[in-house]
Amino acid sequence: MKKHLRVSYNAPVSLTFSIFCSFIFLADYFIFKHKLIPLLFTVPGNKNFDWLYPFSYVRLFTHVFGHIDAAHLLGNLTFILLIGPLMEEKYGSAMIALMLTVTAFVTGMINACFIPSSLLGASGIAFMLILLASISTIEKNQLPLSFILLIAVFVIKEFISPSASNVSTIAHIAGGLCGSLFGFLVAPKTARSQKTAASKTKAQQKKQTAQQSSENSYKNSAQKDSDETIVGTIQL
């Protein structure tokens with residue numbers, strides 16, 4: 001019997017995020033002629049951010065889907081598709097989606113408040129995942145050299161990128177700090193499941209111990225009753 005090879009959607013958040021970023025980039029390039037991303041997927045700098053315009057707050061979240069060029073897009077998606085599925089397996093897709101949302105908002109707010117240039121791109125998301133993965137390995141008392149080099153390469157890349165290209169180094173490093181905080185504050189899914197399983201096992205052991213003690217007391221009382229001798233008197 002032949003086994004059919006199936007393609008699994010193994011990391012819903014990371015894959016959906018990457019596909020949507022690619023769709024936005026292609027639509028902006030071929031259909032909207034570079035007008036879509038500046039309008040909907042870019043956070044203006046602190047001098048141009050309109051705090052009275054409601055849609056400005058939406059762009060605090062959507063800016064992570066916009067990218068300047070193909071190199072910018074592929075560079076970020078490489079990290080997201082490499083580390084994202086591993087973190088989804090460890091923390092769960094819902095938690096990773098929340099982390100992405102919080103990181104997008106934090107980096108967008110920092111740029112809107114303090115950075116003169118506009119911001120777009122998922123570099124902050126990628127750096128968040130890198131730091132999150134690094135903190136997760138520290139739990140095992142191990143810090144792989146590969147992750148140290150990966151962090152160094154990413155930081156150097158951020159500082160080399162000119163701010164004129166709408167790449168905010170400070171905001172992206174803030175995304176990495178978000179990843180560090182998530183790593184310390186959020187318990188991995190495996191750890192939570194292990195705690196739940198341990199508590200269930202402990203409860204079952206207590207229940208079994210109680211049942212055994214009850215059965216033993218019942219047997220002891222029955223044996224004691226059988227061992228007693230009843231002495232009576234006979235009247236003639």
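Phe55 comes out as partly exposed, with 28% relative accessible area; on this scale, buried means under 20%, exposed means over 50%, and partly exposed is what falls in between (1.4 Å probe, protein chains only). Tyr53 is partly exposed too, at 42%. The ring centres of Tyr53 and Phe55 sit 6.3 Å apart with planes at 55 degrees, so this pair is tilted. For rings of Phe, Tyr and Trp (its six-membered ring), a pair needs centres within 6.5 Å, and planes under 30 degrees apart are stacked, over 60 edge-to-face, and the rest tilted.

This is a predicted model, so local features need pLDDT of at least 70 and side-chain atom pairs 80 or more, while totals for chains, interfaces and linings use all residues. Residues are numbered from 1 along each chain as its sequence is written, and side-chain values use heavy atoms, leaving out hydrogens and water.

The ring rule gives 10 aromatic pairs. In one of them, Phe20 and Phe65 have ring centres 4.8 Å apart and planes at 85 degrees, so they meet edge-to-face. Phe20 belongs to helix α1 (residues 12–30) and Phe65 to the loop between α3 (54–62) and α4 (70–91), so the pair ties together parts 45 residues apart in sequence. Helices here are DSSP runs (H or I, at least four residues), numbered from the N terminus. Ring pairs also join Phe17, Phe20, Phe41 and Phe65 into a cluster.

Note on methods: Helix = DSSP H or I, 4+ residues; strand = E, 2+ residues; numbered from the N terminus.
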